[in-house]
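Work through the exercises below with the structure open. Try each task before you read its solution.

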Amino acid sequence: MLRRSIPTRTHTDQSGNYRAYRDPLKADFSNRCGYCDIHDEVLGVPFHIDHFAPLERFGELETDYSNLVYACPSCNRAKWNHWPMSTARPSHDNQRGFIDPCESEYDDHLERRTDGSIAGKTPLGAYISKRLKLQLRKHRFLWLLDRVMEQCEKVEVVLQSVDEDDPDIEELKKQHYELLRHYQAYHKIIRTKV
Ligand SMILES: [Zn+2]
């Protein structure tokens, strides 16, 4: 199991408009969707500000920073106004409902497998996965793209620190950068198709 890093909400300033929280929210979530963990640069489209307890039901939480989640459009749309509970908290009854991704409890119910797929580990995890459509192939695919990019960056660091005069290393560098260039061009196309 690959564990995500749990986001922490650090912003404290109050504002009359929740949209003003976009930048701090993005930073607090390390540019990642709170629900599916995909990086916003991998998806390449603006992310949404999700109201964890839906705005339509809990208007009093509109500008409450602790109720906001940085979310990709897919998770935000899938979640929409679904909320089986009658109150904002508790947010679930262990069978149905949602878990704030800033809580470590989130990982007790959902896990990212090494092949990139997201699985519910409990009935509540299965409920969340189904509601957020986390089983869709795109979540797996985008996560794998993200991992490839991360790996390429690590390889780049290693290649920069090795002997410049070694012809084998020189050839390896050439191949790496060429492959990376093609991959990045292709990446921009495929991420819009998933
Ligand atoms: Zn997402």
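This is a predicted model: local features need pLDDT of at least 70, side-chain atom pairs count only at pLDDT 80 or more; totals for chains, interfaces and linings use all residues.

**Exercise 1. Find the donor atoms of the zinc ion and classify their arrangement.**

Step 1. The donors are the SG atoms of Cys 33, Cys 36, Cys 72 and Cys 75, at 2.3 to 2.4 Å.
Step 2. Along the sequence, these donor residues follow the spacing C-x2-C-x35-C-x2-C.
Step 3. Four donors count as tetrahedral if all angles lie between 85 and 135 degrees.
Step 4. Here the angles are 103 to 114°, so the arrangement is tetrahedral.
Step 5. Check burial, which means under 20% relative accessible area. Cys 72 has 2% and is buried. Cys 75 has 0% and is buried too.

**Exercise 2. Describe the salt bridge between Lys 26 and Asp 40.**

Step 1. The N to O distance between the two side chains is 3.1 Å.
Step 2. Lys 26 sits in helix H1 and Asp 40 in helix H2, 14 residues apart.
Step 3. Lys 26 is partly exposed at 30% relative accessibility. Asp 40, at 6%, is buried.

**Exercise 3. Trace the salt-bridge network that includes Asp 146.**

Step 1. Asp 146 pairs with Arg 32 at 3.0 Å, N to O. Asp 146 is in helix H6 and Arg 32 in the loop between H1 and H2, so the bridge ties together parts 114 residues apart in sequence.
Step 2. Both Asp 146 and Arg 32 are buried.
Step 3. Arg 147 bridges to Glu 150, with the closest N and O atoms 3.8 Å apart. These two are three residues apart in helix H6, which means about one helical turn.
Step 4. Arg 147 is partly exposed at 32%, and Glu 150 is partly exposed at 29%.
Step 5. The network links Arg 32, Asp 146, Arg 147 and Glu 150.

Definitions and conventions
Residues are numbered from 1 along each chain as its sequence is written. Side-chain values use heavy atoms; hydrogens and water are left out. Donors are N, O and S atoms within 2.8 Å of the metal (3.2 Å for Na, K and Ca); water is not among the atoms, so sites may look incomplete. Four donors count as tetrahedral if all angles lie between 85 and 135 degrees; four count as square planar and six as octahedral if opposite donors are over 155 degrees apart and all others between 65 and 115; anything else is irregular. Buried means under 20% relative accessible area, exposed over 50%, partly exposed in between (1.4 Å probe, protein chains only). A salt bridge is a side-chain nitrogen of Lys or Arg within 4 Å of a carboxyl oxygen of Asp or Glu. Helices (H or I, at least four residues) and strands (E, at least two) are DSSP runs, numbered from the N terminus.
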